[in-house]
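Happy to look at this one together. Let's go through what the labels rest on, one at a time.

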Amino acid sequence: MEPRLCCRAFLLAGRLWTAISKALFAEFLATGLYVFFGVGSVLPWPVALPSVLQIAITFNLATATAVQISWKTSGAHANPAVTLAYLVGSHISLPRAMAYIAAQLAGATVGAALLYGVTPGGVRETLGVNVVHNSTSTGQAVAVELILTLQLVLCVFASMDSRQTLGSPAAMIGISVALGHLIGIYFTGCSMNPARSFGPAVIVGKFAVHWIFWVGPLTGAVLASLIYNFILFPDTKTVAQRLAILVGTTKVEEVVDAEPQKKESQTNSEDTEVSV
């Protein structure tokens, strides 16, 4: 009996590790591609300096590509702010969230390193590091990043919510990223994603106002999660279920699958009471 139990335990652990490793690699890959192509669009080539519209469209396409590649494997976060929002909304456990963020930061660093390696020295400059522009104060910069990330995370939730849509969220999330860049470039170069700011900063060693691109996006993500999950489209998770999801003892899918059954049983009991 014990050998069979051990065998089942090893098989279960192997399947769990396979699923987690695939998800982490998907986050690593998606974030790396996003940084390589997105940051690549801001490089100041002498023959053709990038326009705001070009940068916004490139980040739009890079986002859509990253989301389409990874959304069925990992949920296509590719952004620590999105992962934090999902954690606050009880859509992901704390251990998985921490692993996702580590994979995202590693992917962003590798993507920035590859871009740095293939770009001529005269064009690299600061490798698209996010900075504050046009006499914008640090407080204004934080507020702008907060608002930009707020709309992005709200769009991510609405596009990913199976209660609202079943199609690919790639196009809509890409549009949301483009919208942020059309405005945010003039203030901060537009981050909305701490990993996007982290990768280039690590490669060129520039962290002067780097904290802005963590505080603003993460705060905006938390607010967006609270608005969507507790005001606009609240679910029926109990406190106990949320704590179980947080520590990883219960999967989100198990809670979601249980909700329709609970509603159905409540409906049946109400029908029985009426007939009696």
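Q: What share of the 276 residues in the protein chain is buried?
A: Buried residues make up 41% of the 276 residues. Keep in mind that this is a predicted model. The chain exposes about 14,300 Å², and carbon and sulfur atoms supply 68% of that area.

Q: What kinds of elements does the protein chain hold, helices or strands?
A: There are 11 helices and zero strands. From the N terminus on, the order is simply α-α-α-α-α-α-α-α-α-α-α. As for contacts with a separation of 6 or more, 77% of them join residues 24 or more positions apart.

Q: How confident is the predictor, and where is confidence lowest and highest?
A: The average pLDDT is 88, with 84% of the residues scoring at least 70. Confidence is lowest in helix α11 (residues 252-275), at a mean of 52, and highest in helix α3 (residues 80-88), at 98. Over residues 260-276 the pLDDT is below 50, and beyond near neighbours in sequence this stretch has zero contacts in the model.

Q: Why is S74 called buried?
A: Buried means under 20% relative accessible area. S74 has 7% relative accessibility, so it counts as buried. You will find S74 in the loop between α2 (52-70) and α3. Leaving aside neighbours within four places in sequence, S74 is in contact with A23, A26, E27 and Y100.

Q: Why is E125 called exposed?
A: Exposed means over 50%; E125 has 56% relative accessibility, so it counts as exposed. E125 sits in the loop between α5 (121-124) and α6 (138-160). Its phi is positive, about 45 degrees, although E125 is not a glycine.

Q: Is S90 buried or exposed?
A: S90 is buried, as its relative accessible area is 7% and the limit is under 20%. S90 lies in the loop between α3 and α4. S90 has a positive phi of about 60 degrees although it is not a glycine.

Q: Which residues of helix α10 (residues 239-247) are buried, and why are they said to line one face?
A: The buried residues of α10 are R242, A244 and I245. Seen down the axis of α10, they fall within an arc of 160 degrees, so they line one face of the helix. The face turned away from the buried side carries the exposed residues V239, A240 and V247. After α10 comes G248, whose phi is positive, near 90 degrees.

Q: Which residues does the UniProt annotation "transmembrane region" cover?
A: The unreviewed UniProt entry places it at residues 28-49, 97-118, 138-158, 170-188 and 208-233. In the model, residues 138-158 are 100% helix and 0% strand, with end C-alpha atoms 30 Å apart. Residues 170-188 are also 100% helix and 0% strand, and the end C-alpha atoms are 25 Å apart.

Methods
Residues numbered from 1 in each chain as written. Predicted model: local features only at pLDDT ≥ 70, side-chain atom pairs only at ≥ 80, totals over all residues. Heavy atoms only, no water. Helix = DSSP H or I, 4+ residues; strand = E, 2+ residues; numbered from the N terminus. Buried < 20%, exposed > 50% of the residue type's maximum accessible area, 1.4 Å probe, protein only. Contact = heavy atoms within 4.5 Å. Areas by Shrake-Rupley, 256 points an atom, 1.4 Å probe, with all protein chains shown as cover. Arc of directions from axis to C-beta. pLDDT = per-residue confidence, 0-100. UniProt positions renumbered as here; feature names shortened; annotations may be inferred.
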